[in-house]
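Have a look at the structure first, then read on.

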Amino acid sequence: ALRQYTKLERLELSPYFGRIDFIEKGLGDAEEIYIGISSFFDEKGNILIYDWRAPISGIFYDFELGSAHYLCPEGIIKGKVSLKRQYRITRNQLELMLDTDINIGDEILQNILSSNTDEKMHNIVTTIQKEQNRIIRDENHQLLMVQGVAGSGKTSIALHRIAWLLYQNRDSNMTAGNILIFSPNTVFNDYISNVLPELGEENMQQTTFEEYLEQITENEFAFESAANHMEYVLSFLMQKDQRIRLRSIAYKSTMHFYELINNYVAYLDQNAVHFEDIILEERVCHNPNDDPWENEVLIPKGHIREMYNVDYASLPLARRIEKLKQRLYFLIRTPWQKRRLELEKEISDIPQYKGKIKAYSRLFVYQEFKSVRKQIETMLQFDSYQAFLDLFENTGLFAGMADKYLPEQYEDICAHTVERIRKRFLGYEDISAYSYLKGALAGAPSMSRIHHVVIDEAQDYTPVQYGIFRQLFPQTRMTLLGDFNQTIHPLRDDIGYEQVAKILSPVSKIELQLTKGYRSTSEIVNFTRHILRGSQIESIQRSGDKPQLILEPDPGTQVEKLISDIQEMLGDGLGSIGIICKTARESEKLYDKIHRRLNVCLLTKDDVNFSRGIIVLPVYLAKGLEFDRVVLFGADSENYGREGDRKLFYTACTRALHKLHLFSNTDISPFIKEIPEEFYDVV
């Protein structure tokens, strides 16, 4: 009731935002279709306002005046759009009404894009574009992969897709609790937390990959956080004494390493168990006249092998071994009971056991079968931790599993990994590898309650991490959204969606492209396009200032110029200002120098809330965020001089909506040198 009341309150303030007049084929009269955030009926049950997610509402997003159609449970309904109109109604006041025969109102869209951002992301239901609507309403593919340029609305689309899924599956009792989104960090979770409630839905489950790793590993290891991992890589990338770990990180981010682990799992499947006969080989002798004892085969190894390879073949290795162990203990119960009865008979005439025959027979059979139990335990001992350690400790085994794709200095990589495993403190790259190996050997936890998974910033996951997604959600529908031009990890391989799909192995899949950016002005898009060397990014024609490059060789003076620049921005209207540094350490140093003179916040990996205002943050925490004005501090060749820094630099620059200022000493980044000078101003 409360939820319905909230919807009605929202409708009272802004009942609808669109209208189409649709003449269904075969019918003469046009039906006036008003479209809003939620449906609204009169007292007789006649629909007055259609939910934006209703099948017929799709016409508003997908068609201009003229022929149109929509898909509903009854099939494809064809007809003609005779009128298409947009409204802007705020607090029950009509501010704008616009008839259009083109895409969703450029005027309304321009107005929204030109305004300042808030501290939370908002819905885009009034300005969804045709290519975005196709993604939102896709229902034919188990795996939907979206490659979208910076500012193309990927995250907004994902959230509107979740709202559409909840509407589409409302009769099958799908709830927000059945949908899970993986976000890049906890701050981002807070940033997107308003969108679904604005659309009248509860928030879906939100998590990070790091939080899931903690659940999977069950505190077996302490491990490096994703943020600390990025900080390490960006801080020590050029240091020779860190070369082995950096090389290890690079290799463990490849398809070759993913395939190595799969090879190792297959190897263990065939070699983890050395099958032996289970033999009763010891006997407590109570009668010297008894015949000599001969070893008795209780369970032949051929039978054990058959159970392993046939009966329990569908189970992952560790569970198969455990199941086989339980079965062997069950099978020795019969000879155990037989031997106990024999012992009762043997000792029945011995005076010292009189009155206690059953007790002593159980004691003696327990002693005799001690070696049997030991045989079972020895043959079927298995531990995922030890298997992980063995892979790196036995360099010959590692080389065999790597086949022809053996990395340089692999012995040093293995030695470094063994040291961390023994300390039970793993790097982020190794906790992912261990989690995947453990899942392959012991099975992943059941996630059957999750009906749909959304993975944002899909380009930032390694093949091994996608392998974990496959283990956790083997049959689940997935939506992946990313931009492989924004892979911020300088040591990561570009794997692409083709390889991702190969790992996830869906029943059906589709890859859709978003090539138009809506976030930044044309001037910022023209600047950032050249960072990627001729990328064909389209921009909506919204003009603004050219990016500015502020050069200052003296560090102290550079900070003073930064403070003056921020103060000037504040005079233009507050908005949000992101001061982006390369690392958290550099962010902290800059914050210490300016926070007494500016009302500024430092965003760290431990923060869970995103605030409006002036924020200093490292580039890897800026993923998915946007700011009215971005100041990139340290745009020099030391910070952004390697080819591996190109996409990091691009990601930082594309956070800006209206203004982009870059501060550097005179040794500017080579990426800036590649940009024609007509696309930026030097100050």
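Across the whole structure, a search turns up 34 salt bridges. Please keep in mind that this is a predicted model. The chain is assigned four stretches to work with: domain 1 (1–137), domain 2 (154–266 + 387–514), domain 3 (278–381) and domain 4 (536–682).

**Salt bridges between distant parts of the chain**

- Glu-224 and Arg-245 join their side chains in a salt bridge, with 2.7 Å from N to O. Glu-224 sits in the loop between strand 11 (222–223) and helix 9 (226–236), while Arg-245 belongs to helix 10 (residues 243–251), and the two are 21 residues apart. Both Glu-224 and Arg-245 are buried.
- Lys-325 pairs with Glu-377 in a salt bridge whose closest N and O atoms are 3.2 Å apart.
- Lys-623 is in the loop between strand 23 (614–618) and strand 24 (627–633), and Glu-457 is in the loop between strand 15 (452–456) and helix 21 (463–472), so the pair ties together parts 166 residues apart in sequence. Both Lys-623 and Glu-457 are buried.

**A salt-bridge network**

- Arg-339, Glu-342, Glu-346 and Glu-368 are linked to one another in a network of salt bridges.

**Where domain 1 meets domain 2**

- The C-alpha centres of domain 1 and domain 2 are 37 Å apart, and 23 residues of domain 1 contact 24 residues of domain 2.
- About 2,400 Å² is buried between domain 1 and domain 2, with carbon and sulfur atoms giving 60% of that area. On the domain 1 side, Arg-53, Met-121 and Ile-135 lose the most area to domain 2, together 33% of what that side buries.
- How many salt bridges cross this interface? The rule finds 1 between domain 1 and domain 2. Arg-53 and Glu-201 meet through their side chains in a salt bridge of 2.7 Å, N to O.
- The interface of domain 1 and domain 2 also holds 10 residue pairs in polar contact. Helix 1 (2–13) and helix 4 (130–136) are the elements giving two or more residues to the domain 1 side, and helix 4 gives the most, with 5 residues.
- By class, the side of domain 1 that touches domain 2 has 9 nonpolar, 3 polar and 11 charged residues.

Conventions. Residues are numbered from 1 along each chain as its sequence is written. This is a predicted model: local features need pLDDT of at least 70, side-chain atom pairs count only at pLDDT 80 or more; totals for chains, interfaces and linings use all residues. Side-chain values use heavy atoms; hydrogens and water are left out. Domain bounds come from an automatic or database domain assignment. Contact means heavy atoms within 4.5 Å. Buried area is the accessible area (1.4 Å probe) that two parts lose on being put together, summed over both. A salt bridge is a side-chain nitrogen of Lys or Arg within 4 Å of a carboxyl oxygen of Asp or Glu. A polar contact is a pair of N or O atoms within 3.5 Å; within protein, one must be able to donate a hydrogen and the other to accept it, and residues adjacent in sequence count only if both atoms are side-chain atoms. Helices (H or I, at least four residues) and strands (E, at least two) are DSSP runs, numbered from the N terminus. Ala, Val, Leu, Ile, Met, Phe, Trp, Tyr, Cys and Pro count as nonpolar, Asp, Glu, Lys and Arg as charged, and the others, Gly among them, as polar. Buried means under 20% relative accessible area, exposed over 50%, partly exposed in between (1.4 Å probe, protein chains only).
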